[in-house]
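Subject: The structure we spoke about

Dear colleague,

I am passing on the structure below, so that you can look at it alongside my notes. Please keep in mind that the model is predicted.

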Amino acid sequence: MQRRTTIDIAVPDLSGKRAVVTGASDGIGLGIATRLARAGAEVLLPVRNLRKGEAAIATIRQTAPSAKVSLHTLDLSALDSVAAFGDSLRTEGRPLHFLVNNAGVMTPPDRQTTADGFELQFGTNHLGHFALVAHLLPLLRAGGARVTSQISVSANRNSINWDDLNWERSYKGGHAYSQSKIALGLFGLELDRRSRAAGWGVSSNLCHPGVAPTSLLAARPEIGRSEDTLGVKVIRALSARGILLGTVESARLPALQAATATESRGERLYGPSGPGHLGGPPAEQKLYSRLRGAEEARRLWTASEELTKVSFPAA
């Protein structure tokens, strides 16, 4: 049995910086938010479930008693909610320095839709974050921010279903999940290219957590999964034994490196460096083949603006 070792990275002093982390009420997102708060950042937790959000803040303050952390309402599966969150922060008018697009939903057994009628994974994982960045762009520009988007090893499989983006004719949960993460990755890379071309002053990169026993595949009655999948049971067993996979603690590190390390750059991908990039210390990685098409990224950008009815300044 492989011995489990602790993996960690240094995070610089972030005093005076403001960070938004989506999906920070538990799991990897909570770990990311906690570490940012410990480094001195003011961390905003936009959550759908306020009770879980309050518990997350209590957890953060157990390790960082003086943490500057606040709770906000955000449902990425509802564009009105995304717009309201953006309006609220723009009214405050305070610059943002980090945005970690971490929230996600994975493989509902049956096709479900967002409040706006989009397939749930595409609508939440990609379109919700696309709209969020558009609404927060003035604040991100004011802070010279870095945007880090959490994709998945699944973004190295399947493709964008251009003939049926919302999987209305033939739903395949795993394929739809891959599409949502490929889309988020293409968006993150195109955001960096457009920022450099237009002088927005925002850098954008990608990360993935490898494979770890997070809640994505656990029982989630709200999406029709009444019990843990076999996959998450196997992942838990392998992770606990230190075999190949990462832990929830190590899975947060690629996002932290991508977002905060001085040597991290835009238009890059960061993930675990162990065998198969499933676990281990974080490092820069070769872009997945599905993410290398700049023309496809531009096509997706246009489609996303049309679907969400939000727009970015002309690049």
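If neighbours within four places in sequence are left aside, F312 is in contact with F130, V133, A134, L137, F187, L191, W200, W301 and E305. F312 also belongs, with L136 and L140, to the residues that have the most contacts inside the largest nonpolar core, which has 53 residues. At least two residues of this core are supplied by each of α3 (79–92), α4 (120–142), α5 (173–198) and α9 (294–308), and the largest share, eleven residues, comes from α4. Another core lies apart from this one and has 33 residues, including A33, C207, A258 and A259.

How do α3 and α4 lie relative to each other? Their axes are 9 Å apart and the helices pack at an angle of about 15°; angles under 35 degrees count as roughly parallel, and α3 and α4 are therefore roughly parallel to each other. Their crossing is right-handed. On the α3 side the residues that meet α4 are L79, V82, A83, F85, G86, L89 and R90, and their partners in α4 are L127, G128, A131, L132, H135, L136, P138 and L139. By class, this contact has eleven nonpolar, three polar and one charged residues.

G40 counts as partly exposed because its relative accessibility is 25%. Not counting residues up to four places away in sequence, G40 touches L14, S15 and G16, while its C-alpha atom is separated by 7.7 Å from that of K68, 28 residues apart along the chain.

Best wishes

Conventions. Residues are numbered from 1 along each chain as its sequence is written. This is a predicted model: local features need pLDDT of at least 70, side-chain atom pairs count only at pLDDT 80 or more; totals for chains, interfaces and linings use all residues. Side-chain values use heavy atoms; hydrogens and water are left out. Buried means under 20% relative accessible area, exposed over 50%, partly exposed in between (1.4 Å probe, protein chains only). Contact means heavy atoms within 4.5 Å. A nonpolar core is a set of buried Ala, Val, Leu, Ile, Met, Phe, Trp, Tyr and Cys residues joined through side-chain atoms within 4.5 Å. Helices (H or I, at least four residues) and strands (E, at least two) are DSSP runs, numbered from the N terminus. Axes are lines fitted to C-alpha atoms, for helices over the stretch in contact, and angles run from 0 to 180 degrees between N-to-C directions. Angles under 35 degrees count as roughly parallel, over 145 as roughly antiparallel, 65 to 115 as roughly perpendicular and the rest as oblique. A crossing is left-handed if the near helix is turned anticlockwise from the far one by less than a right angle, and right-handed if clockwise. Ala, Val, Leu, Ile, Met, Phe, Trp, Tyr, Cys and Pro count as nonpolar, Asp, Glu, Lys and Arg as charged, and the others, Gly among them, as polar.
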